[in-house]
Structures are given as C-alpha cells and as structure tokens.
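Subject: Handing over the structure

Hi,

Here is the structure I promised to pass on. Have a look at it first, and then read my notes below.

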Amino acid sequence: MGCLQSVACKARVRREHIVVSDVSATIEPAATAIEESSPVVLRYRTPYFRASARVLMPPIARRHTWVVGWIQACNHMEFYNTYSDLGVSSWELPDLREGRVKAISDSDGVSYPWYGNTTETVTLVGPTNKISRFSVSMNDNFYPSVTWAVPVSNSNVPLLTRIKRDQSFTTWLVAMNTTTKEKIILQTIKWRMRVDIEVDPMQLLGQRARLVGRTQQEQPRILSRMEPIPPNALVKPNANDAQVLMWRPKRGQPIVVIPPK
C-alpha cells in the first residue's frame, strides 16, 4: 500500500490530473503603426498577440522531467510588396506555399519546439511531492522593414506602392515529458494578423504611406477542442530560417533575393 502513496510510483501524468485556468488570448486593439523615418526602408509595427494561462501540475515522479509551455506554428503566409507596375517582392515559405507541409515551426530558433524559454515555459524536475502552480505567457508581433526601392535594383528611387500581409498561426499550450517524449495538449488557439498599406512614392518621406482596410485585428479563437500538432511544428527549420525573399517581375523570371538560412 505504501507504493500507492509514493511519488516515485506515479510516473504517469494524465490530462485529467492537469488543471488549466485563466486562459487568455488577445490582440491589442490598436492599429498597425507605420514608420517613415528612413530614406531606405519603410517599417511597420503591428499590435501584439498575447497568450497566457495558469497551470496546476500534479506531483512528478523521480527521473521524470516535464516542460509546460507554448508551441507556435505558421499555417499560412501571404506577404507581398508591390512596386508600381514593375513587379512584386514576396516573403515565402516554399514548403507551406506548395502544400508539402501543413505548418512550420515558429520557435525562437533555439528552444525547439517551444516558442521561447523565458516566460513561455516552466520546467518541473521530479520528484516533486506536491502540486505545482505557475503561469506561462507569450507574445508575438511583426516589425519588418520593406525597401522603398525595388530590392534587386541599384537605384534608390522609391517605387513601393502597396504592402499586403496575411498570416495565420496555431498556438498550443503543451505539457511534454522530456524523458518519455509524451505530449499532452492542454489548449489550442488560432489567430491571424493582416496588414494592408497603400504607398504613394511620389510624396515626401513621412507622408507616403497610410493604413487601409480594417484598422483593428480580429481577436484570437480559443478552441474548445484540442487540435493535433503537425510534425513540422516541432522541429527545424523555423519560419524565420525557412522563408525566402523572392522578386517576381511583371516580365521575366522570378529571382531569389534572400535564400533560406
């Protein structure tokens, strides 16, 4: 009977033993901010997506380690910059674009498969003899630079006329046993970020760009069901390393401007 009370005997952590509460997923109700301070690039900063949750984990057995935290993957990406009638530059994820994978990891590139390793995760090393209480949180936004001039040109003449971006993500709250590799999905969140900027390159710097379309993002959806994590969301490469910058002229062949890392 003594073994029934022993932490060492309770190697199995089941989903029903984990309590998740105060799950929050929001995008700030602010408009994307446009920066025109540079004569070389336009920059824009989107509002932040933020997710957080409180978790109660049961006692952990000896020789077992559990990590609880956020994993994120990109499911869809359209990112087009139009330069007058000359062509379009686009950031692309080739495997995702061509349907070879359903999602690509959005890890920080170091903490695979986790989105990050500060507030995003908590590690529990067994044995623990009582319930562990903690919170995990994450945030994400876009803050890119887009050249005023055609990216494959030696000219500095501003020709940028439009920026359109539409990107979708799935974010999971997961408990993972690093000893056995068991994964328990605790929550699934879907969110999307869209940007639409019109540019008049003939105007003075500081007066060229304006936001069009909706000024606020639609709020994330916290799903009532647990969606499985595609294998590519757990391994290298992450989206930042896999993306390619292409130049697609109106006439002529596409050119790789920046290859994947």
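What follows is a run through what I found in it.

Before anything else, please keep in mind that this is a predicted model.

**The chain as a whole**

There are two helices and 16 strands in the chain. The C-alpha atoms fill a box of roughly 80 × 35 × 30 Å along the principal axes. Out of 261 residues, 46% count as buried. The accessible surface is about 13,600 Å², and carbon and sulfur atoms make up 51% of that. If you look at contacts with a separation of 6 or more, 74% of them are between residues 24 or more positions apart.

One piece to pick out is an open sheet of three strands, in the order 2-3-10 and with antiparallel pairing. Strand 2 (33-35) and strand 10 (145-147) are the edge strands, each pairing on one side only. On average, neighbouring strands in this sheet are turned by 25° against each other, direction ignored. Strand 3 (residues 41-45) pairs with strand 10 in the antiparallel sense, over three bridges. To find that pairing on screen, go to Leu42, which stands opposite Val146 in strand 10.

**Aromatic rings**

What does the structure hold in the way of aromatic pairs? It has four of them. One is Phe49 with Trp191, a stacked pair at 4.2 Å centre to centre and with 5° between the planes. Phe49 belongs to strand 4 (residues 49-57) and Trp191 to strand 12 (residues 183-199), so this pair ties together parts that are 142 residues apart in sequence. Are Phe49 and Trp191 buried or exposed? Both are buried.

Another is Tyr83 with Trp247, which is edge-to-face: the centres are 5.9 Å apart and there are 70° between the planes. Here Tyr83 sits in strand 5 (residues 65-83) and Trp247 in strand 15 (residues 244-249), so the pair ties together parts that are 164 residues apart in sequence. Tyr83 and Trp247 are both buried as well.

There is also an aromatic cluster, formed by Phe49, Phe142, Phe169 and Trp191.

**Charges over rings**

Arg45 has its charged end over the ring of Tyr143, 3.8 Å from the ring's centre. Arg208 lies over the face of Trp148, at 4.6 Å from the ring centre.

**Cis prolines**

The peptide bond from Tyr112 to Pro113 is cis, with omega near 0°, and Pro113 lies in the loop between strand 7 (104-105) and strand 8. Gly126 and Pro127 are also joined by a cis peptide bond, with omega about 5°. Pro127 lies in the loop between strand 8 and strand 9 (132-140).

**Positive phi**

Asp22 has a positive phi of about 50° although it is not a glycine. It lies in strand 1 (residues 19-27) and has a relative accessible area of 55%; the cut-off for exposed is over 50%, so Asp22 is exposed. Lys181, not a glycine either, has a positive phi of about 70°. You will find Lys181 in the loop between strand 11 (160-177) and strand 12, and at 57% relative accessibility it counts as exposed.

**Two residues up close**

Thr121 is in strand 8 (residues 121-125). Its relative accessible area is 13%, so it is buried. Which residues is Thr121 in contact with, leaving aside its neighbours within four places in sequence? They are Val67, Val68, Gly69, Trp114, Gly116 and Val136.

Pro237 is in the loop between strand 14 (221-222) and helix 2 (239-242). With a relative accessible area of 43%, Pro237 is partly exposed. Not counting residues up to four places away in sequence, Pro237 touches Ile104, Ser105, Tyr112 and Ala242. Lys261 is 24 residues from Pro237 along the chain, and their C-alpha atoms are separated by 8.8 Å.

Cheers

Terms used
Residues numbered from 1 in each chain as written. Predicted model: local features only at pLDDT ≥ 70, side-chain atom pairs only at ≥ 80, totals over all residues. Heavy atoms only, no water. Pairing = 2+ DSSP bridges. Helix = DSSP H or I, 4+ residues; strand = E, 2+ residues; numbered from the N terminus. Axes fitted to C-alpha atoms, helices over the stretch in contact; angles between N-to-C directions. Phe/Tyr/Trp six-rings, centres within 6.5 Å; stacked < 30°, edge-to-face > 60°. Buried < 20%, exposed > 50% of the residue type's maximum accessible area, 1.4 Å probe, protein only. Lys NZ or Arg CZ within 6 Å of the ring centre and 35° of its normal. Contact = heavy atoms within 4.5 Å. Areas by Shrake-Rupley, 256 points an atom, 1.4 Å probe, with all protein chains shown as cover.
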